[in-house]
Amino acid sequence: MRDIFEGRSDKLMLVIGPCSADSEAPVMEYVHRLKRLQEKVSDKLMLVPRIYTNKPRTTGEGYKGMLHQPDPNAAPDMLRGIVAIRNLHLKA
C-alpha cells in the first residue's frame, strides 16, 4: 500500500466491499473470494476489502447495524457490537 501511495508502484488500488456488513459468515466468504481474485490480478491491482460494519440498515425502527446490535434478533448492545466488529476485522 505504501508503495502505491508514494508512487513507487504503478498498481491500481481498489477498496471494494459491501455497503454494510452485518454478519461474519458472508463477510468471511467475501474476503476469501477476494483473496483468490487478488492472486490472479496481483501484477496490476491491489484489492483491499472494505468491511463497513457501523452503518445501520434502517433509520428509526428496525435493525440498527452490527455496531449497535450484533445480534439482529436481540436487544441493542454496543459493547458486544464493538467486540464483534473487532473480532470480525481480526479474522478478515
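Modeller: Let us begin with Arg33 and Glu29, which both lie in helix H2, four residues apart, about one turn of the helix; a helix here is a DSSP run of H or I with at least four residues, a strand is a run of E with at least two, and both are numbered from the N terminus. Please keep in mind that this is a predicted model, in which local features need pLDDT of at least 70 and side-chain atom pairs count only at pLDDT 80 or more, while totals for chains, interfaces and linings use all residues. Residues are numbered from 1 along each chain as its sequence is written, and side-chain values use heavy atoms, with hydrogens and water left out.

Colleague: Why is Glu29 called partly exposed?

Modeller: Buried means under 20% relative accessible area, exposed means over 50%, and partly exposed lies in between, with a 1.4 Å probe and protein chains only. Glu29 has 43% relative accessibility, and therefore counts as partly exposed.

Colleague: Which residues are linked in a network of salt bridges?

Modeller: Asp3, Glu6 and Arg8 are linked in this way: the side chains of Asp3 and Arg8 meet at 3.0 Å, N to O, and those of Arg8 and Glu6 meet at 2.5 Å, N to O.

Colleague: How do you know that Arg8 counts as exposed?

Modeller: Arg8 has 54% relative accessibility, so it counts as exposed, whereas Asp3, with a relative accessible area of 38%, is partly exposed, and Glu6, at 48% relative accessibility, also counts as partly exposed.

Colleague: What makes up the largest nonpolar core?

Modeller: There are 10 residues in all, including Ala21, Val27, Met28 and Leu88. The elements that give two or more residues to this core are helix H2 (24-41) and helix H3 (78-91), and the largest share, three residues, comes from H2. Such a core is a set of buried Ala, Val, Leu, Ile, Met, Phe, Trp, Tyr and Cys residues joined through side-chain atoms within 4.5 Å.

Colleague: How many helices and strands are in the protein chain?

Modeller: The protein chain has three helices and two strands, and from the N terminus on its elements run α-β-α-β-α.

How values were computed:
Salt bridge = Lys/Arg side-chain N within 4 Å of Asp/Glu carboxyl O.
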